Amino acid sequence: MLALLGLAALVASPLWCIAVVVKLVSVALPGRRPDRAVHLLRWSAGMAVAAAVGCYLLASGAVAFAEHESRSGADSSPAPACRGEEVPRETRLHLVTHRASYFPPGFDCLLDDRTTYESSGVYDTLNTCVVVFAVGAGVLAASAGFAAARRDRDRDRARPMPDADGDPGKPAGDTSDDERHDDRVSGAAGA
């Protein structure tokens with residue numbers, strides 16, 4: 001199942017790249033939204049989350065594929081991922097089994113002396129990308145929150161303060177409708 005999700009992430013990654021490029025171009029063009037900074041920070045945080053999830057799915061899919069490959073076929077043991085060309089022949093002779101991990105994604109090869117080495121894969125790179133994108137998403141989300149709070153605070157300062165009657169349009173100290181108020185109180189308005 002994770003191998004299929006990893007494949008879906010691999011197919012979706014060019015679409016993610018296109019969306020990022022289109023957004024960057026739209027930011028550079030005139031006619032932007034007045035609240036573009038907050039919107040852009042929130043969008044960027046969402047795209048960073050999507051990138052972190054995509055990288056995790058790619059790494060987990062690679063682990064699932066290597067695990068499946070090590071259980072299928074006549075030449076499956078030791079795991080083909082542990083027998084890459086970059087592994088010296090002496091090391092391959094001492095290979096006993098493998099260990100798959102999904103948190104963080106990794107595929108380690110175990111030798112007969114209980115030492116391990118990482119299989120041929122890109123797990124370290126993808127795990128680093130997951131952490132970088134996740135931290136970036138957190139920073140961007142916090143920045144969006146601070147920018148939205150600052151924008152709201154500035155908007156509240158620009159609004160006129162309401163007077164005692166709750167009328168924000170009437171300047172303080174204006175008594176132009178006091179006469180009408182006196183008529184309502186005394187009942188003379190209906191006479």
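How much space lies in the largest pocket? In this predicted model, the largest pocket holds about 170 Å³ of space. Its lining is made up of Ala9, Ala12, Ser13, Trp16, Cys17, Ala50, Ala51, Gly54, Cys55, Leu58 and Phe133, and the elements that contribute two or more residues to this lining are α1 (2-28) and α2 (36-71). Sorted by class, the lining comprises nine nonpolar and two polar residues, with no charged residue.

**Aromatic pairs**

Two of the lining residues, Trp16 and Phe133, also face each other as an aromatic pair, and the structure holds two such pairs. A pair of aromatic rings is described by the distance of the centres and the angle of the planes, and the table sets out these values.

| Pair | Centre to centre | Angle between planes | Arrangement |
|---|---|---|---|
| Trp16 and Phe133 | 6.2 Å | 75° | edge-to-face |
| Tyr56 and Phe103 | 5.8 Å | 15° | stacked |

Tryptophan 16 belongs to helix α1 and phenylalanine 133 to helix α4 (residues 123-158), so their pairing ties together parts of the chain that are 117 residues apart in sequence. Tryptophan 16 has a relative accessibility of 26% and therefore counts as partly exposed; phenylalanine 133, also at 26%, counts as partly exposed.

In the other pair, the planes of tyrosine 56 and phenylalanine 103 stand at 15°, and the pair is therefore stacked, given that planes under 30 degrees apart count as such. This pair, too, links distant parts of the chain, since tyrosine 56 sits in helix α2 whereas phenylalanine 103 sits in the loop between β1 (95-102) and β2 (105-111), 47 residues apart. The two partners fall into separate accessibility classes: tyrosine 56, with a relative accessible area of 22%, is partly exposed, while phenylalanine 103, at 70%, counts as exposed.

**A charge over a ring, and a buried asparagine**

A further arrangement involving an aromatic ring is that of lysine 23, which lies over the face of tryptophan 43, at 5.4 Å from the ring centre.

Helix α4 also contains asparagine 127. Is asparagine 127 buried or exposed? With a relative accessibility of 16%, asparagine 127 counts as buried, because that value falls under the 20% cut-off. Leaving aside residues up to four places away in sequence, asparagine 127 touches Ala59, Pro104 and Pro105.

Key: Residues are numbered from 1 along each chain as its sequence is written. This is a predicted model: local features need pLDDT of at least 70, side-chain atom pairs count only at pLDDT 80 or more; totals for chains, interfaces and linings use all residues. Side-chain values use heavy atoms; hydrogens and water are left out. On a 1 Å grid over the protein atoms alone, a cavity is a set of points where a 1.4 Å probe fits but cannot get out, and a pocket is an open set with protein on both sides within 12 Å along at least five of seven lines; lining residues have an atom within 4 Å of a point. Grid points are joined across faces, edges and corners, and a volume is the space filled by probe spheres set on the points. Helices (H or I, at least four residues) and strands (E, at least two) are DSSP runs, numbered from the N terminus. Ala, Val, Leu, Ile, Met, Phe, Trp, Tyr, Cys and Pro count as nonpolar, Asp, Glu, Lys and Arg as charged, and the others, Gly among them, as polar. Rings of Phe, Tyr and Trp (its six-membered ring) pair if their centres lie within 6.5 Å; planes under 30 degrees apart count as stacked, over 60 as edge-to-face and the rest as tilted. Buried means under 20% relative accessible area, exposed over 50%, partly exposed in between (1.4 Å probe, protein chains only). A charge sits over a ring if NZ of Lys or CZ of Arg is within 6 Å of the ring centre and within 35 degrees of the ring normal. Contact means heavy atoms within 4.5 Å.
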